[in-house]
Amino acid sequence: MAKRIDVSGLTAYYGSHKAIEDISMTVEPRSVTAFIGPSGCGKSTFLRTLNRMHEVTPGGRVEGKVLLDAEDLYGAGVDPVSVRREVGMVFQRPNPFPTMSIFDNVAAGLRLNGNYKKSELNDIVEKSLKGANLWNEVKDRLNKPGSGLSGGQQQRLCIARAIAVEPKVLLMDEPCSALDPISTLAIEDLIGELKDRFTIVIVTHNMQQAARVSDRTAFFNLAAVGQPGRLVEIDDTERIFSNPSVQATEDYISGRFG
Amino acid sequence: MDISTTTDVPPSASPPSLTERKRAARGATRPGDRIFLGLSRGSGILLLVIMAAIAVFLTYRASLAISRDHGNFLTTFEWNTNLTPPSFGIAVLAFGTIVSSVIAMVIAVPVAVAIALFLTHYAPRRLSGPIAYVIDLLAAVPSIVYGLWGALILVPHLRGLYGWLDTYFGWTGILSWEEGAPRTMLAVGILLAIMILPIITNVSREVFRQVPRMHEEAALALGATRWEVVRMSVLPFGRSGVISASMLGLGRALGETMAVATVLSPDYDIHASLLNPGGGTFAQNIASKFGEASEQGRDALIASGLVLFVITLLVNGAARAIIARRKEYSGANA
Amino acid sequence: MSTAAVTDKRGGSLSGARLPKWSPWAIAAGSVAVAVGIGLGAGLGSEVQWGLIAAILFVLGTYGVAARVEGRRQAKDRVATSLVWVAFLLAVVPLVSLVWTTVSRGVKVLDVHFLTHSMGIVADTETGGGIYHAIIGSLEQVGLATLIGAPIGVLTAVYLVEYGRGRLAQAVTFFVDVMTGIPSIVAGLFILSLMLILELDPFGFAGSLALAILMMPVVVRSTEEMLKLVPNELREASLALGVPKWRTILKVVLPTAIGGITTGVMLAIARIAGETAPVLLLVFGNPFINTDPFEGAQASLPLYIYQQYAAGGDAAYDRAWAASLTLIAFVMILNLVARGIARWKTPR
């Protein structure tokens, strides 16, 4: 079910500004890959090119290739809408649909994609909420609005919503940065469980978090403010944090800048 | 904010003495402060007085008229105010006001919402800015110009539409046509719709623009098409705003005078068909009947104006209430 | 995975069949052609119907083609897009027609003679005459209304923003909202009821009073918005220097917001300049030049348009259009200048 991502020569722009330049990497299926780097280095932009969300931003455009298994996301005739169904996303701030109930939030993606019987929907919603470790907390109030939950619960609701449509890849854009430490821990545990089923890519500002949850880590950097961000290196997380091959990575990790 | 560049009082201009500072601390005891506060508070109170005076004087003159009314003010189907005793009633006017406004809303609200969506989510960005600006300007076109255009340009163009409606929907009775001039409730409704379109569009556009980006991205990331994004994120978020925008438009349609007076060919009867001339609205009746009205006729018109006043107050009050609720709601989710 | 059979109700591939980019244009061209064909064939007289038929064909055609090639969801999306475009185009037609007719018909008799002569010796059925008396009347009535309405409006806003606490401020806020919704004819009736009591005949200033009532809430609202934009630090900085509050408001707060306040006042002027109903009741109209707003009936531009329309006949209609063009030009210039000021002087 999970798929491999192969990026080659990817460059992304906001209007005429080049945000990231010439990035190539491979993300293995059923693994967690973390993106780290200083603010403004383009790691979130890069993440958003992986499900064609970048081009939603006014002026956003992309050059290069992103292969999902063998299929180019940016190939001719590819519908960005179907790309986003294959590659799910969880955002920095929890964003459940404020006017929908908890149940409807999780079912939202399914309802878009086809006719499900009520019983099928019930099953999938329950399974997804269980998958997001939220079922026990909300099973008695599935018809209450999702906005009534705590921040951490809302974020897990968003994860449940994303995994309900069974994407091949799950992108997470600093999913814990708006949460307290306990909620963060819950999400990190969840990531560890989800990687059995999905290819997970997570952007994080928190290096301990990257070390805790990820199998591979990619370090992004930019030469100077206004310059495009670049991929410095990607390697096994253990190596990045113990013995990185590039000096800049070691400087960043040991807190000498950024 | 850099103070020295934005204030007209550089610190050196008025070096305050110690006694002045002490007085400043006591605030309103300075004569200048007292006068200024008095002036501004007085203006606020004046507004309240004006509102009260409107209600009081209209009610007073209206009560004079109604006490002389030989017919039933609510149910009489005529407006003979210069007779002795006078006989008049607002039934036809109330009916016409409501019917024309309802037609206007039925046409204008969906179109306005669609245009607002067009401007915020569909049009190329280079196009949407100027168009929004032009629609803004169109909201400022005086109603008499709409009236002139409606009577001289729109009405002649409606003949074809009327014949067509009569052919296919004449059997309903509501849309049957006897080949008269199309200066009827439907024409009024269409013209009112065109008039209130800019205001409803503008307010709805503002609301749609405020939809948080993250709600739209949530839908996009689930693989929603643009229409599904609109349906899942934009419309639910903007619903109460659209309702209040529509109420504002409705308030305008209810009180519109000149555009109705120029287009409608009135009488004092309720007609089943919207395509046959006749009927009237509160505001149109006041404008049309004023010239020939004696003093007691004017009082009768004031009485009908009071009813219109109350109706628009209720509609606007409802709109404000919805806006106020929306503020709480969006604050909780910000 | 056991539930995979349930979950996967979509095609495996990322790239479904898609319509080429030019397809909406092709469908649009096709529907217009068919609509014109139907219109000519069936002898439908009105272009309104042709347009409606074309619009319906376009929406249906889009749905049919897209549903066949791309699937139901994409078809819905395309229909929504085409509906939104159709709604926009449908709305543009009358609005463009309004502006176009006013300009094209208005320029016919609009010249210096028209602007500098009254209707005093010209019967409504004859050609000639002009709007000089109406311009004088409008300027005086609107000017007086502004002199009354603008200061009261601005001061009320100052009260609400700078002093307003408690019940009184709440009541004022509420009733300003209520006042915004008063139909102009009701404001006219209010002054009329006073005139009936005082047994006065129509005169210009009575119209000004009604217009001032219509103007006040608009000025209060826009001024309030502008004053709220003035940062508190500015007020505190001034107060901390020992400047009394009233001088702070006059010398710091109001100058900072003056651009926005001017814009609001000008937009309010533009609004009342086009009001007909209260002027009809209170000023009554007068074909002669009356420069005294406090004595005797006056004319005004919007009222002139109405009376020329009511008089009927080509000569009168021509004058009505020309007067409309003058009025629209005045209102639009006010609007454009006001927006220009707003852009140029926003507090930053």
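Okay, let's start where two of the chains meet: 89 residues of chain C are in contact with 81 residues of chain B. By contact I mean that the C-beta atoms of two residues, placed from the backbone, lie within 7 Å. On the chain C side, helix H4, residues 72-106, gives the most, with 19 residues. Helices here are DSSP runs of H or I with at least four residues, strands are E runs of at least two, and both are numbered from the N terminus. By class, that side of chain C has 61 nonpolar, 19 polar and 9 charged residues. For those classes, Ala, Val, Leu, Ile, Met, Phe, Trp, Tyr, Cys and Pro count as nonpolar, Asp, Glu, Lys and Arg as charged, and the others, Gly among them, as polar.

Before I go on, some housekeeping. This is a predicted model, where local features need pLDDT of at least 70, side-chain atom pairs count only at pLDDT 80 or more, and totals for chains, interfaces and linings use all residues. Residues are numbered from 1 along each chain as its sequence is written, while chains are lettered from A and ligands numbered from 1 in the order in which they are written.

So what does chain B look like? Along the sequence the pattern is α-α-α-β-β-α-α-α-α-α-α-α-α-α, which is 12 helices and 2 strands. Chain B has 334 residues, and 51% of them count as buried. Buried, for us, is 20 or more other C-beta atoms within 10 Å of a residue's own; exposed is 12 or fewer, and partly exposed is in between, again with C-beta atoms placed from the backbone. Take the contacts in chain B with a separation of 6 or more: 72% of them come from residues 24 or more positions apart.

How far does the predictor trust chain B? The average pLDDT, the predictor's confidence in each residue from 0 to 100, is 85 for chain B, and 89% of the residues score at least 70. Residues 1-27 of chain B are below 50, and beyond near neighbours in sequence that stretch has 32 contacts in the model. Residues 329-334 of chain B also stay under 50, with 2 contacts beyond four places in sequence.

Now the core. A nonpolar core is a set of buried Ala, Val, Leu, Ile, Met, Phe, Trp, Tyr and Cys residues joined through C-beta atoms within 7 Å. Which residues touch the most other members of the largest one? That core has 278 residues, and the answer is B:Ala108 and B:Leu191. Leaving out residues up to four places away in sequence, B:Ala108 touches B:Ala193, B:Ile196, B:Leu197, B:Ile200 and B:Gly249.

Back over to chain C, and helix H13, residues 301-311. Of its 11 residues, 9 are buried, among them C:Leu301, C:Pro302 and C:Tyr309. What do those buried residues pack against? From chain B there are helix H6 (143-169) and helix H10 (258-263), and from chain C itself helix H6 (132-163), helix H12 (277-282) and helix H14 (314-344). Just after H13 of chain C, C:Gly312 takes a positive phi of about 80°.

For contrast in chain C, look at C:Leu229, in helix H9 (residues 204-229). Why does C:Leu229 count as partly exposed? Because C:Leu229 has 13 C-beta neighbours inside 10 Å. C:Leu229 and C:Thr256 are 27 residues apart in sequence, and their C-alpha atoms are 9.3 Å apart in space.

Last stop, chain A. Here 22 residues of chain A are in contact with 16 residues of chain B. The largest share of the chain A side, 4 residues, comes from helix H2, and the classes are 11 nonpolar, 7 polar and 4 charged.

Chain A also has some strand pairing to show you; two strands pair if DSSP finds at least two bridges between them. Strand S1 (residues 5-14) runs antiparallel to strand S4 (residues 60-68) of chain A, joined by 8 bridges, and A:Thr11 has A:Glu63 in S4 as its bridge partner. S1 of chain A also pairs with strand S2 (residues 17-27), antiparallel, over 7 bridges. There A:Tyr14 stands opposite A:His17. The S1 and S2 hairpin of chain A has 2 residues between the strands, and A:Gly15 takes a positive phi near 60°.
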